[in-house]
Each structure stands twice: as C-alpha cells, then as structure tokens.
Amino acid sequence: MGENQAVMLLKVVMAIAFALVLYVFLAGTLRKFHMAPPAEPDPADIKPVDYGFRCGVCGATVTMTMAPGGELPAAPRHCREDMDLVSGVEGPPALG
Ligand SMILES: [Zn+2]
C-alpha cells in the first residue's frame, strides 16, 4: 500500500512538473509573438518631398509628400508590386 501511494505521489509530482514546463514553454513562445512597436519617427526628421510613384500593374499613381530625412524612401507597393518612381528625381525617370 505504501509503495502504491509513493508511486501515485511521484506521478502527481511529475504531472505538476510537466505542467510547469509546458506553461513556461508556452509563455516563452507567446512572448516571441509580442513584438515591440517600432520607434516613433522624429517629427523634425520628416521633410517635405515630392515623389511620384506609378503602379506598373494597374497604372495607379501616388504622390509622396513627406519622407524621413527628405531622402527617397523605399517604393510603396500596389497590386503586390513595388511602384515605379516616375517623378521627383534629378534627370529622366528610370525606364523599365
Ligand atoms: Zn496597382
């Protein structure tokens, strides 16, 4: 009888330990999904620009009026494709 109780106690302890390990693992996994928000852009760093982008798929055009640092930012996407820069750069617009 005493041996059975010891076995039962061991099983309970192992179950609790397993539950704790599982909890810690799941909590750590969930924490990875919580990504810190990107740093707020500095308002003083946003400069007026005038870049025109055209979607090569559907022809939609957009004008970008503000960009960080006043530099040419990465092209926005439309129709799942990068839009083509059509104005706002020195010289003729790149073909293609
Ligand atoms: Zn488009």
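User: What pLDDT does the chain average?
Analyst: This is a predicted model, where local features need pLDDT of at least 70, side-chain atom pairs count only at pLDDT 80 or more, and totals for chains, interfaces and linings use all residues. The pLDDT is the predictor's confidence in each residue, on a scale from 0 to 100. Here 91% of the residues score at least 70, and the chain averages 85.

User: In what order do the elements run from the N terminus on?
Analyst: Residues are numbered from 1 along each chain as its sequence is written. Helices (H or I, at least four residues) and strands (E, at least two) are DSSP runs, numbered from the N terminus. The chain has 1 helix and 5 strands, and from the N terminus on they run α-β-β-β-β-β.

User: Is the chain a compact globule or more spread out?
Analyst: Its C-alpha atoms fill a box of roughly 90 × 35 × 15 Å along the principal axes. The radius of gyration is taken over C-alpha atoms, and the globule rule is 2.2 Å times the number of residues to the power 0.38. For 96 residues that rule gives 12 Å, but the chain comes out at 29 Å, well over it, so compared with a compact globule the chain is more spread out.

User: What percentage of the residues count as buried?
Analyst: First, the cut-offs: a residue is buried if 20 or more other C-beta atoms lie within 10 Å of its own, exposed if 12 or fewer, and partly exposed in between, with C-beta atoms placed from the backbone. Helix α1 is hardly covered, with a buried count of 0 among its 32 residues. Over the 96 residues of the chain, the buried share is 2%.

User: How far apart are the end C-alpha atoms of helix α1?
Analyst: The expected span of a helix is 1.5 Å times one less than its number of residues. Helix α1 covers residues 2-33, which is 32 residues, so it should span 46 Å. The distance between its end C-alpha atoms agrees with that: 47 Å.

User: How far apart in space are Thr29 and Ala15?
Analyst: Thr29 is found in helix α1. Thr29 counts as exposed because it has 9 other C-beta atoms within 10 Å. In sequence, Thr29 and Ala15 are 14 residues apart, and in space, C-alpha to C-alpha, they are separated by 21 Å.

User: What is the strand order in the open sheet?
Analyst: Two strands pair if DSSP finds at least two bridges between them. Strand β1 (residues 46-54) has 7 bridges to β2 and 3 bridges to β5, and both pairings are antiparallel. The edge strands, each pairing on one side only, are β2 (61-68) and β5 (84-87). That makes an open sheet of 3 strands in the order β2-β1-β5.

User: Which residue in the turn of the β1 and β2 hairpin has a positive phi?
Analyst: The hairpin formed by β1 and β2 leaves 6 residues between the strands. The phi to look for is about 90 degrees. The residue in that turn is Gly59.

User: Where is Cys79 found?
Analyst: Most residues other than glycine have a negative phi, and most peptide bonds are trans. Cys79 is not a glycine, yet its phi is positive at about 55 degrees. Cys79 counts as exposed because it has 12 C-beta neighbours inside 10 Å. Its place is the loop between β3 and β4.

User: What is the phi of Arg80?
Analyst: Arg80 also has its place in the loop between β3 and β4. With 6 other C-beta atoms within 10 Å, Arg80 is exposed. Although Arg80 is not a glycine, its phi is positive, at about 65 degrees.

User: How far apart in space are Asp42 and Glu81?
Analyst: Asp42 is in the loop between α1 and β1. Asp42 is exposed, with 9 other C-beta atoms within 10 Å. Asp42 and Glu81 are 39 residues apart in sequence, and their C-alpha to C-alpha distance is 28 Å.
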